[in-house]
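Please consult the sequence and structure shown below alongside the text.

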Amino acid sequence: MGSPKVYKNLINGEWVDSKSGKTYENINPADNSDVVGVFQKSNEEDVKEAIDAASEAYKKWRLVPAPKRGEIIYRIAARLEKDKEELSQVMTREMGKIIAETRGDTQEAIDMTYYMAGEGRRLFGVTTPSEMPNKFNMTVRQPLGVCSFITPWNFPMAIPSWKSMPALICGNTIVIKPATETPASVVNFARVCLEEGLPPGVLNVVTGSGSVLGEPLMKNKAVKIVSFTGSTEVGRTISETCATDFKHCCLEMGGKNIQIVMDDANMELAVDGALWGSFGTTGQRCTATSRIICQDGIYNEFIQELSRRAKELKVGNGLDESVHMGPCVNQSQLDTVLSYIQIAKDDGGTLISGGEKLTGGDYDKGFFVQPTIFGDITQDMRIWREEIFGPVVGVGKFKDLNQAIEKANDTPYGLSAAIFTQDVNNAFTAMRDVYTGIFYVNAPTIGAETHMPFGGTKETGNGHREAATAALDVFSEWKSCYVDFSGALQRPQID
Ligand code: NDP
């Protein structure tokens, strides 16, 4: 094997080394002998240069007609589609999730990019009658300026595209800092954007550590909005930092998502949903199912069936098409998962299946853990309340729908929830009363589509939504325009 490829930062349309002169290796979490690439360990100076480039590029990009911006974005979508397999293979190597899922991640980026390309010919505002004669009222969207994006490792291309495409179509320019674990997917995404005609400086990428680059990305006066997806802890710091300058900030953070299974549920479907929701992406999704509650009458049957099916899941290197679940993203995430398994035991949870780190053979080269199920979980336990971000799900009980809703809402988070029932009254009541940003009936807590708003309540978000046209509201500001063609001074509310 030759030396691994060295990837550079993208600033003002050029691939450049960091001013720090330092780099780091990006290692495959399923096979620590596989170095995906060498990336720049950037510093504050690199961030400043990228923001300066984005500020300069903004002067022209904001004036490009939105349908023309859309044409470039459309070409980017087509190219992502063409390169989908290659991009997905790299993504599995850098973050571990199985190839079927990284193809889904790339597809999400493709869908979002096509969707926002179309918005170039819409970006609708409203016209509305004036209360005065011979006067015209309309609203138009205006871009904000330079956007700083700080993105996580679990959806390395989808999430950067969810932020970039609405920002670009609205006429903003961007600096992205990808998670340390997954720079390759963002660098690949940026390369496609550049090669398909996005002008220099409109999208810049600076790789490196969030704790070093976070402040310079947030505090620079030229930055008008910070969009972040990641942990609630870091999100809180970002919110506080942005508040001082009244800088916009859009936060998508943690989740503790619940699946409710009623007595009348289709059992096979509910188990299918629980398996996919809990162990898809090795449980490393903000929408992952991490709490399940079953109505008393079906608890035993459900838990037996879920555990039987979980034991059949094949864990391994995600590039192997027969594997169902890949590794944790890194040692620290694996340690967190193992520590929560111990916490759940100490708190009185009953270990139903899994619970062990996988070792021996190829497992020793990565961060593998068994899909793990705890029974008898209750609201006082830490695995009820705290996000684990790994393949660990707790199952508890409820008596009736009112109690299920009360339990569902007993969490600091509010991202996603699901109910499995054949009763339309139960379904609609839960849909109304469970306080989350996303709700599913007879489908798992994961599975968002790009033309639906995405985001959560409580400590999951700060009121914004990504995706769909809701994302346009994050990356544009309304300007209310009044055109008076009466030739006289008209005073609303007075004349
Ligand atoms: P982190 O919050 O640690 O990291 C997210 C991003 O923030 C990374 O790019 C990271 O950089 C950066 N970062 C870290 N510290 C700082 C800082 N002090 N200032 C600015 N940026 C910083 O989360 P994880 O990467 O560990 O992701 C897991 C978490 O993200 C989970 O809690 C999960 O729920 C949440 N998440 C939420 C999603 C949602 O849509 N609601 C989607 C995906 C994940 P670096 O990698 O260099 O540390």
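The second largest pocket is lined by 23 residues, and those nearest its centre are Glu108, Phe155, Arg285, Gly447 and Ala448. A pocket here is an open set of points, on a 1 Å grid over the protein atoms alone, where a 1.4 Å probe fits, with protein on both sides within 12 Å along at least five of seven lines; lining residues have an atom within 4 Å of a point. The model is predicted, with local features needing pLDDT of at least 70 and side-chain atom pairs pLDDT 80 or more, while totals for chains, interfaces and linings use all residues. Residues are numbered from 1 along each chain as its sequence is written, and side-chain values use heavy atoms, without hydrogens and water.

**Second largest pocket**
- The lining comprises 8 nonpolar, 6 polar and 9 charged residues.

**Largest pocket**
- The largest pocket holds about 870 Å³ of space, the volume being the space filled by probe spheres set on grid points joined across faces, edges and corners.
- Its lining has 32 residues, with Phe228, Thr229, Gly230, Ser231 and Val234 closest to the centre.
- This lining divides into 13 nonpolar, 13 polar and 6 charged residues.

**Ligand**
- The ligand sits in the largest pocket (more than half of its atoms lie within 2 Å of the pocket's grid points).
- A side-chain N or O atom of tryptophan 153 is 2.9 Å from an oxygen atom of the ligand.
- A backbone N or O atom of glycine 210 is 2.8 Å from a ligand oxygen atom.
- A polar backbone atom of methionine 253 lies 2.4 Å from a nitrogen atom of the ligand.

Note on methods:
Ala, Val, Leu, Ile, Met, Phe, Trp, Tyr, Cys and Pro count as nonpolar, Asp, Glu, Lys and Arg as charged, and the others, Gly among them, as polar. A polar contact is a pair of N or O atoms within 3.5 Å; within protein, one must be able to donate a hydrogen and the other to accept it, and residues adjacent in sequence count only if both atoms are side-chain atoms.
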